[in-house]
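Student: Can we go through this structure together? I'd like to start with how the chain is divided up.

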Amino acid sequence: MGQGMGAIHLSEVRCSGQEPSLWKCPHKNITAEDCSHSQDAGVRCNLPYTGVETKIRLSGGRSQHEGRVEVQIGGPGSLRWGLICGDDWGTLEAMVVCRQLGLGYANHGLQETWYWDSGNITEVVMSGVRCTGSELSLDQCAHHGTHIACKRTGTRFTAGVICSETASDLLLHSALVQETAYIEDRPLHMLYCAAEENCLARSARSANWPYGHRRLLRFSSQIHNLGRADFRPKAGRHSWVWHECHGHYHSMDIFTHYDILTPNGTKVAEGHKASFCLEDTECQEDVSKRYECANFGEQGITVGCWDLYRHDIDCQWIDITDVKPGNYILQVVINPNFEVAESDFTNNAMKCNCKYDGHRIWVHNCHIGDAFSEEANRKFERYPGQTSNQVI
């Protein structure tokens with residue numbers, strides 16, 4: 001399952017199996033010499049047999065791992081198979097199908113499947129399917145129920161999937177964000193390219209170019225692939241877009257979102273990073289680099305490697321010119337539109353506490369994995385005495 005990263009908290013854990021938490025098991029206080037990431041523990045969970053895999057099937061594909069999705073509906077004596085409307089069907093829904101069938105992870109969720117023959121199955125029996133990606137079966141996902149509402153009708157526009165036994169898994173090095181964050185007042189005459197690529201706040205359009213400056217929160221972003229498959233752009237090289245100003249190709253529309261939020265979740269500033277150069281910057285000792293952007297090379301992140309966006313490159317920032325002093329949350333989300341399949345999307349987001357006094361900024365308590373959790377938002381650190389979004 002690959003190696004982890006960051007701090008190692010437990011060593012020589014010995015459980016009876018009855019404990020409510022690993023922290024309740026006998027364990028050794030960890031030291032740097034005790035354990036390395038080559039010894040990281042993993043688990044594979046077995047689920048009880050429920051028969052959910054018999055209520056769904058794939059048809060028309062070139063192998064058992066792909067095809068048009070067919071679901072079984074009705075009660076005893078009136079069971080029938082039908083298709084799923086392709087409207088809004090995507091990676092998260094495909095993840096659930098592949099899991100339900102025991103076929104691993106979703107490689108693609110397809111909204112058009114005209115090239116896969118569905119035989120004599122032509123009825124659309126499910127529409128409006130929306131999954132979080134963690135469900136065990138499509139029955140647990142939201143959908144329209146017995147009422148079918150499909151914008152595009154016909155078997156041409158029905159849902160399909162391509163499954164894979166392995167998948168990538170991206171993880172942001174949160175400690176590096178915290179260590180490298182700083183403010184820069186950058187002159188407008190140095191930001192023409194950034195403005196062209198929409199990397200500044202909306203108010204920059206009415207600025208007195210080329211005079212004045214924009215205030216930028218800058219930080220480095222190091223993104224590791226800890227999965228079992230390389231992370232590759234969804235779009236092929238033929239559809240990458242050349243950006244003359246910075247002299248590079250974009251292989252994804254949006255690779256990362258950067259947001260500044262109030263403690264109650266209101267967005268006050270945002271940035272984005274197109275994957276202008278998705279490549280292996282560094283790798284683990286036993287892994288060789290495979291992807292580099294020079295000379296129109298292939299883009300991606302190899303398993304065991306990471307891509308580093310340094311703090312001093314264009315667009316690696318959030319424009320906070322219009323942000324008032326106060327207490328905020330810095331949120332970074334990788335692969336936010338789920339364009340590329342991963343084995344785990346829950347670790348794609350990071351949150352940090354962020355305090356801004358109008359001159360300096362402090363970023364701390366950065367952590368991964370719960371940026372979409374309502375419970376985590378309720379528990380998220382509040383500064384002592386904080387009653388509103390003002391510096392105390």
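This is a predicted model: local features need pLDDT of at least 70, side-chain atom pairs count only at pLDDT 80 or more; totals for chains, interfaces and linings use all residues.

Student: What domains is the protein chain divided into?

Tutor: There are two in the assignment: domain 1 covers 56-164 and domain 2 covers 170-382. Their centres, taken over C-alpha atoms, are 33 Å apart.

Student: How many residues of each are in contact?

Tutor: Seven residues of domain 1 contact six residues of domain 2.

Student: And what area is buried between domain 1 and domain 2?

Tutor: About 580 Å², with carbon and sulfur atoms giving 70% of that area. In domain 1, the residues that lose the most area to domain 2 are T91, L92 and Y105, which together make up 58% of what that side buries.

Student: How many salt bridges across the interface of domain 1 and domain 2?

Tutor: Zero by the rule used. For polar contacts, the count between domain 1 and domain 2 is one residue pair, both at pLDDT 80 or more.

Student: Which elements supply the side of domain 1 that touches domain 2?

Tutor: α1 (91-101) and β4 (105-110) each supply at least two residues. The largest share, four residues, comes from β4. By type, the residues on that side of domain 1 are four nonpolar, three polar and no charged.

Student: Back to α1. Is it mostly covered or mostly open?

Tutor: Mostly covered, as nine of the eleven residues in α1 are buried. Among them are T91, L92, E93 and Q100.

Student: What do the buried residues of α1 pack against?

Tutor: They pack against four strands: β1 (56-60), β2 (66-73), β4 and β6 (160-164).

Student: What follows α1?

Tutor: G102 does, and the phi of G102 is positive, near 70°.

Student: New topic: H224. Where is it found?

Tutor: H224 is in strand β10, which spans residues 221-225.

Student: Why is H224 called buried?

Tutor: Because its relative accessible area is 9%, and the cut-off for buried is under 20%.

Student: Which side chain does the side chain of H224 make a polar contact with?

Tutor: That of Q222, at 2.8 Å.

Student: And leaving aside neighbours within four places in sequence, what is H224 in contact with?

Tutor: The contacts of H224 are M5, D169, L170, L171, H173, C305 and W306.

Note on methods
Residues are numbered from 1 along each chain as its sequence is written. Side-chain values use heavy atoms; hydrogens and water are left out. Buried means under 20% relative accessible area, exposed over 50%, partly exposed in between (1.4 Å probe, protein chains only). A polar contact is a pair of N or O atoms within 3.5 Å; within protein, one must be able to donate a hydrogen and the other to accept it, and residues adjacent in sequence count only if both atoms are side-chain atoms. Contact means heavy atoms within 4.5 Å. Domain bounds come from an automatic or database domain assignment. Buried area is the accessible area (1.4 Å probe) that two parts lose on being put together, summed over both. A salt bridge is a side-chain nitrogen of Lys or Arg within 4 Å of a carboxyl oxygen of Asp or Glu. Ala, Val, Leu, Ile, Met, Phe, Trp, Tyr, Cys and Pro count as nonpolar, Asp, Glu, Lys and Arg as charged, and the others, Gly among them, as polar.
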